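Visitor: I would like to learn how to read a few local features in a model such as this one. Could you show me the structure and take me through them step by step?

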Amino acid sequence: MKIYVCYGAWTQKFFGHAHPCGEAHQALLDAGYDPEVVKVYGLGPLPLALQPKRRQVKAVTGRTWVPAIEFDDGSGFDESAKIIEWAKQNPAAAS
């Protein structure tokens, strides 16, 4: 399993809100997973030519936004809320 993040997976709160990439990563850790963290940098709405590391995110999710999760079978999805909910519903011990 991989989790694609922008610049990191920090959880320190800024302006009362934790970073979405860090929230999604922490949810996976809390659920018992140890995903490979892939930093893709850039910014979602920028063209892929300016941020080639997001090409795999686009291939998996159809979009360039992170956080995104990729499973070992190549499937995946994006959006921190979806990743957090998936992690809660699918703890590693139950897999």
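Guide: Let us begin with accessibility: a residue is called buried under 20% relative accessible area, exposed over 50%, and partly exposed in between, with a 1.4 Å probe and protein chains only. This is a predicted model, in which local features need pLDDT of at least 70 and side-chain atom pairs count only at pLDDT 80 or more, while totals for chains, interfaces and linings use all residues. Residues are numbered from 1 along each chain as its sequence is written, and side-chain values use heavy atoms, with hydrogens and water left out.

Visitor: Is Tyr-41 buried or exposed, or in between?

Guide: Tyr-41 counts as partly exposed, because its relative accessibility is 35%. Its phi is near 55 degrees, a positive value in a residue other than glycine.

Visitor: Where does Tyr-41 lie?

Guide: Helices (H or I, at least four residues) and strands (E, at least two) are DSSP runs, numbered from the N terminus. In those terms, Tyr-41 lies in the loop between strand S2 (36–39) and H2. Glu-79 likewise has a positive phi, near 85 degrees, and is not glycine; this residue is found in the loop between strand S4 (76–78) and helix H3 (80–89).

Visitor: Which residues does a cis peptide bond join?

Guide: The bond joins Val-66 and Pro-67, with omega about 10 degrees, and Pro-67 has its place in the loop between helix H2 (55–61) and strand S3 (68–70).

Visitor: How many salt bridges does the structure hold?

Guide: A salt bridge is a side-chain nitrogen of Lys or Arg within 4 Å of a carboxyl oxygen of Asp or Glu, and the structure holds three of them. In one, the side chains of Asp-78 and Arg-63 meet at 2.8 Å, N to O, a pair that links distant parts of the chain, since Asp-78 is in strand S4 and Arg-63 in the loop between H2 and S3, 15 residues apart.

Visitor: Is Asp-78 buried or exposed?

Guide: Asp-78 is buried, with a relative accessible area of 6%, whereas Arg-63 counts as partly exposed at 37%.

Visitor: Which residue forms a salt bridge with Arg-63 at 3.9 Å?

Guide: That residue is Glu-79, and 3.9 Å separates the closest N and O atoms; the two are 16 residues apart in the chain. The side chains of Lys-82 and Glu-79 also meet in a salt bridge, at 3.8 Å, N to O, and Lys-82 is partly exposed at 44%.
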